[in-house]
Every structure is written in structure tokens, then in C-alpha cells.
Amino acid sequence: FFCISPIKPHFYILVQIFFFLCSETRVDVKESVRGQTIFIIQTIPRDVNTAIMELLVMAYALKTSCAKNIIGVIPYFPYSKQCKMRKRGSIVCKLLASMLAKAGLTHIITMDLHQKEIQGFFSFPVDNLRASPFLIQYIQEEIPDYRNAIIVAKSPAAAKRAQSYAERLRLGLAVIHGEAQCSESDMADGRHSPPCVRNTTGHTGLELPLMMAKEKPPITVVGDVGGRIAIIVDDIIDDVGDFVAAAEILKERGAYKIYIMATHGLLSADAPRLIEESAIDEVVVTNTVPHEVQKLQCPKIKTVDVSMILAEAIRRIHNGESMAYLFRNITVDD
């Protein structure tokens with residue numbers, strides 16, 4: 001865990017984490033942090049909830065030890081997909097933001113939030129860095145004949161991100177739309193709650209029109225991918241079922257190579273095996289999430305290093321410099 005202090009410019013502080021037999025977490029800060037600025041670098045491993053609890057307990061320990069500023073460097077922000085109301089569920093991402101603030105964090109550095117509006121959940125500053133410059137550089141340098149490629153959105157919801165890549169690379173754009181794409185947003189906004197059942201025992205004076213059920217059209221690829229390299233872009237690749245299905249459709253439409261580009265490679269469960277057996281030629285993710293084991297299981301998985309931009313963000317915040325340089329040419333849709 002990296003600590004920067006005005007008195008001792010650069011040093012690591014010793015923090016010990018203990019786990020009791022009952023799985024409780026205890027943190028001991030072994031050095032004085034009074035009046036110092038602390039950067040907690042927390043990547044999210046397979047056990048998400050344990051990592052979050054470690055972060056909360058550590059931040060609170062530093063807060064009660066009178067640290068001046070506690071800045072969390074969380075490259076992949078967990079629970080970011082749960083940022084919309086689902087029927088009678090809850091917006092868990094908002095809950096986590098409130099917990100981090102209560103624990104003592106005063107600032108967060110993260111990368112490619114699932115929805116940029118998540119920044120509004122926090123009561124302190126959030127720097128949402130972008131991985132797209134690194135992934136675009138990989139496309140230009142590592143994909144032969146990338147000028148013959150086409151950027152693909154695997155669902156209409158991903159079209160804005162795909163359009164951003166296409167415009168920067170001066171490439172065409174294709175969108176997969178239809179029945180095979182079961183998007184997480186289908187029931188994420190509460191439009192199906194309350195259920196469409198008339199209450200015959202209640203007040204019947206007000207008759208509201210019922211919302212018609214959605215019906216997706218047959219699977220369609222909007223755009224010509226024949227004889228092209230298809231590059232599917234997204235922010236998170238976890239359950240790879242949608243990506244495998246999209247790759248098969250693109251192969252049927254004539255694409256001769258298929259790449260997947262994503263910022264966060266969670267690659268849970270049987271993802272490496274499914275990728276290895278699929279029509280996908282290469283999956284490119286950044287190192288915001290540890291995935292060394294998955295790379296050993298599937299040689300198609302490649303890694304792009306983004307540590308440089310995170311280190312530069314830490315340096316600029318410590319020195320009180322502007323962060324604008326890290327967001328140059330970044331637009332609202334990126």
C-alpha cells in the first residue's frame with residue numbers, strides 16, 4: 001500500500017491484515033500516518049466481497065489514525081453493473097459509494113466505470129480514467145491489416161462505445177441486434193414493476209393503460225462484416241456467452257477474424273475454456289483485474305498494461321497538478 005507524505009516524500013507503510021477463523025478482518029497500521037496523504041491500491045480479485053471489506057476496514061483504520069487524505073485506487077470498481085433499479089431490488093453501487101465515504105475515503109481513482117453517471121453516487125471527487133487509448137494503440141500496432149477491420153457493438157447498448165472507437169480509428173461500425181442478445185438492461189430500469197396485474201380489491205376508479213411486452217426481432221447484424229476483421233468492444237467481459245454467440249454470428253456473416261476488446265477481464269467460471277473452443281481469435285483486456293490463471297488456461301487472452309496512467313494520476317494528485325492532461329480528447333460518450 002503506497003503512502004505519499006509531505007514530510008517523507010515516497011515510502012511504503014506497513015499494514016498488516018489478519019483473518020480470524022470466523023472470517024472477520026482486522027487491520028493494524030504499523031506506522032504513524034497522522035497528517036499524511038495515503039493511496040490505497042486495491043485490485044479486485046475473485047473474492048469480491050472480501051476485497052471490499054478489506055478496503056473498508058483499512059480506510060477506517062487510516063481515518064481513525066488521523067490520516068489527512070485517503071485516496072482509493074480501484075482500477076475496477078465492483079458492483080458497477082448494479083447501478084440501476086431492478087424491480088424491488090436496490091442500487092447496490094450507490095450503497096457501496098456511501099460505505100466508502102463513511103469509512104473515510106476522500107477521493108477515488110478508477111477506470112472505465114460501467115456507467116459514467118456512477119460518479120454522481122459519490123460525495124467526494126472521482127477520477128474515471130479511460131483505457132481506450134491503450135486498446136486503440138494495441139489495435140494499431142498488434143492487429144495486422146487493421147485498416148480492413150470493422151468495429152462491432154454486440155448490442156445496441158454498446159453502440160456509443162463502439163462508435164467512439166470507430167471514429168478514432170477511421171473504421172466502419174456494425175451493431176448486432178436481435179433475439180440472441182439478452183441485455184442486462186432489459187429489466188434494469190423498473191419498467192416491469194409493479195407487475196401488470198390489475199388489483200380487483202383496490203380502487204378501480206383509475207384505469208391506466210398497460211405497457212405492451214417487448215418482443216425482440218430476429219438476430220440481425222446492422223453493417224457489412226463480410227471479408228473484414230471484426231473487433232467487438234465493451235467495458236467488461238465476464239460471462240463470455242454473449243461474446244461467443246456474437247462471434248459465431250459474425251463468422252456466419254463472413255468475418256474472417258474476430259477480436260474482443262474490453263477494459264476489465266473478469267473472465268469468471270468457464271470463460272477461458274469457452275473462449276478457447278469458440279470462433280474468437282483473440283481476447284484483449286487490460287490488467288485492471290488479475291487474470292494470470294485464465295491466461296495459462298487460454299493462450300487467446302492477451303493483456304494490455306495500463307499501470308502507467310494510474311501511476312501518473314497518483315503523481316498528479318500528490319503534486320496538486322491538473323488531471324486534464326489524462327483526459328485530453330476524451331468526450332462525454334467515451
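This is a predicted model: local features need pLDDT of at least 70, side-chain atom pairs count only at pLDDT 80 or more; totals for chains, interfaces and linings use all residues.
1. Local features are reported at pLDDT of at least 70 and side-chain atom pairs at pLDDT 80 or more, while totals for chains, interfaces and linings use all residues. Residues are numbered from 1 along each chain as its sequence is written, and side-chain values use heavy atoms, without hydrogens and water.

2. The largest nonpolar core has 39 residues, and Ile109, Leu129, Ile151, Ile231 and Met261 touch the most other members. Such a core is a set of buried Ala, Val, Leu, Ile, Met, Phe, Trp, Tyr and Cys residues joined through side-chain atoms within 4.5 Å; buried means under 20% relative accessible area (1.4 Å probe, protein chains only). A second, separate core of 37 residues includes Met58 and Ile118.

3. In helix α4 (159–169), the buried residues are Arg161, Ala162, Ser164, Tyr165, Ala166 and Leu169. Helices are DSSP runs (H or I, at least four residues) and strands likewise (E, at least two), numbered from the N terminus. Just after α4, Arg170 takes a positive phi of about 60°.

4. The largest cavity has a volume of about 70 Å³. A cavity is a set of points, on a 1 Å grid over the protein atoms alone, where a 1.4 Å probe fits but cannot get out; lining residues have an atom within 4 Å of a point. A volume is the space filled by probe spheres set on the points. Helix α4 gives the largest share of this lining, four residues.

5. The second largest cavity holds about 50 Å³ of space. Its lining includes Gln42, Ile44 and Phe77, and α1 (48–64) and α2 (92–103) each give two or more residues to it.

Technical notes:
Buried means under 20% relative accessible area, exposed over 50%, partly exposed in between (1.4 Å probe, protein chains only). On a 1 Å grid over the protein atoms alone, a cavity is a set of points where a 1.4 Å probe fits but cannot get out, and a pocket is an open set with protein on both sides within 12 Å along at least five of seven lines; lining residues have an atom within 4 Å of a point.
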